[in-house]
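Dear colleague,

Please find the structure we spoke of just below. I would be glad if you could look through it alongside the notes that follow.

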Amino acid sequence: MIVVAGEALIDLVPQGTGALAGLQPALGGGPYNTAVALGRLGSPTAFCSRTSYDAFGEALLDGLRDAGVDVAAVQRGPEPTTLAVATIDGNGAAAYSFYVEGTADRLFTVPAGLPSGTRAVSFGTCSLVLEPGASAYEELMRTAAAQGVFTALDPNIRPGLIADADAYRARFKSWLPSVTLLKLSEEDARWLGGTPHEWLSAGPSAVVITHGGDGLTAFTRDGAVYPVPGEKVDVVDTIGAGDTVNAALLHGLSAWDALSAAALAGLGREGWERLLRFAARAAAITCSRAGAEPPYAAEVGDL
């Protein structure tokens with residue numbers, strides 16, 4: 001079982017250009033997209049979050065169930081669902097503004113335990129910013145790591161939600177001893193201001209950086225660097241692409257029984273390049289269609 005912990009929200013995606021373009025609601029949130037992608041790829045997956053009892057909250061749970069994701073660990077509440085309003089530029093890249101005050105997902109509390117059979121837990125995005133939930137997710141991360149569970153982190157920076165950038169950067173560094181696999185985009189890396197070498201020295205066994213259409217690079221503790229090119233595709237938008245990468249990496253490692261620090265160290269060039277190419281293919285398919293619509297296993301092909 002791979003557990004994905006974090007927010008589920010509704011993306012309001014513009015159907016045209018300009019500030020008054022019509023908005024189409026879509027299921028979203030970085031962790032939510034990761035869970036759906038894992039389910040579609042065929043990995044046994046559970047979602048750990050808090051959702052509203054409103055119609056959006058019900059739709060989010062239905063989307064998880066449709067992907068085969070276990071929702072027994074999802075907490076519920078009467079507060080409204082978080083909304084993220086997207087804008088799409090000429091290259092298909094998405095930017096967001098958020099409506100988060102008093103919403104259900106940020107009131108997440110630490111669960112009594114992880115689902116039975118949990119082998120990995122994935123964290124990231126808004127859920128690690130918005131209090132009081134952020135502290136609860138942070139506690140869950142540290143507890144899982146202390147129990148020897150493989151932990152993955154994608155900070156997926158949303159600057160508009162971070163009131164104190166320096167405080168967040170310090171908090172990010174404090175998570176690294178509890179992280180096995182760190183994945184982040186080039187933009188995240190620039191915003192955080194660190195380097196793969198610095199992050200690896202603080203705890204993770206591997207760091208994967210995405211370069212948009214130019215591919216991905218893995219950095220490991222032994223100093224190895226493994227770049228792979230991106231898959232060429234006609235981009236509709238990039239919504240959910242990074243989340244699909246998260247899922248593809250975890251799915252591949254699970255399929256190879258490699259969800260441990262020692263296993264990451266033993267992948268070598270062939271293993272890392274196969275895994276990264278698989279992730280690049282999966283992300284390219286997501287970019288080829290509107291919204292966060294990650295691929296199914298049959299669409300991506302074998303690892």
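This is a predicted model: local features need pLDDT of at least 70, side-chain atom pairs count only at pLDDT 80 or more; totals for chains, interfaces and linings use all residues.

Residues are numbered from 1 along each chain as its sequence is written, and side-chain values use heavy atoms, with hydrogens and water left out.

Helices (H or I, at least four residues) and strands (E, at least two) are DSSP runs, numbered from the N terminus. In helix 4, which spans residues 165-175, Tyr 168, Phe 172 and Trp 175 are buried, where buried means under 20% relative accessible area, exposed over 50% and partly exposed in between (1.4 Å probe, protein chains only). These three cover an arc of only 55° around the axis, which puts them on the same side of helix 4; the arc is that of the directions from the helix axis to the C-beta atoms. The face turned away from that buried side carries the exposed residues Asp 166 and Lys 173. Among the elements covering the buried residues of helix 4 are helix 3 (133-146), strand 10 (150-154) and strand 11 (181-185).

Helix 3 and helix 4 have axes that come within 11 Å and cross at roughly 20°, axes being lines fitted to C-alpha atoms, for helices over the stretch in contact, with angles running from 0 to 180 degrees between N-to-C directions. The two helices are therefore roughly parallel to each other (angles under 35 degrees count as roughly parallel, over 145 as roughly antiparallel, 65 to 115 as roughly perpendicular and the rest as oblique). On the side of helix 4, the contact (heavy atoms within 4.5 Å) is made by Arg 171, Ser 174 and Trp 175.

The axes of helix 1 (residues 30-41) and helix 2 (residues 55-66) come within 9 Å and cross at roughly 30°, which makes helix 1 roughly parallel to helix 2. Here Tyr 32, Ala 35 and Val 36 of helix 1 meet Ala 59, Leu 60, Gly 63 and Leu 64 of helix 2.

Finally, Asn 156 is found in the loop between strand 10 and helix 4, and this residue is buried, with a relative accessible area of 12%. Leaving aside neighbours within four places in sequence, Asn 156 is in contact with Gly 30, Thr 125, Asp 188 and Asp 243.
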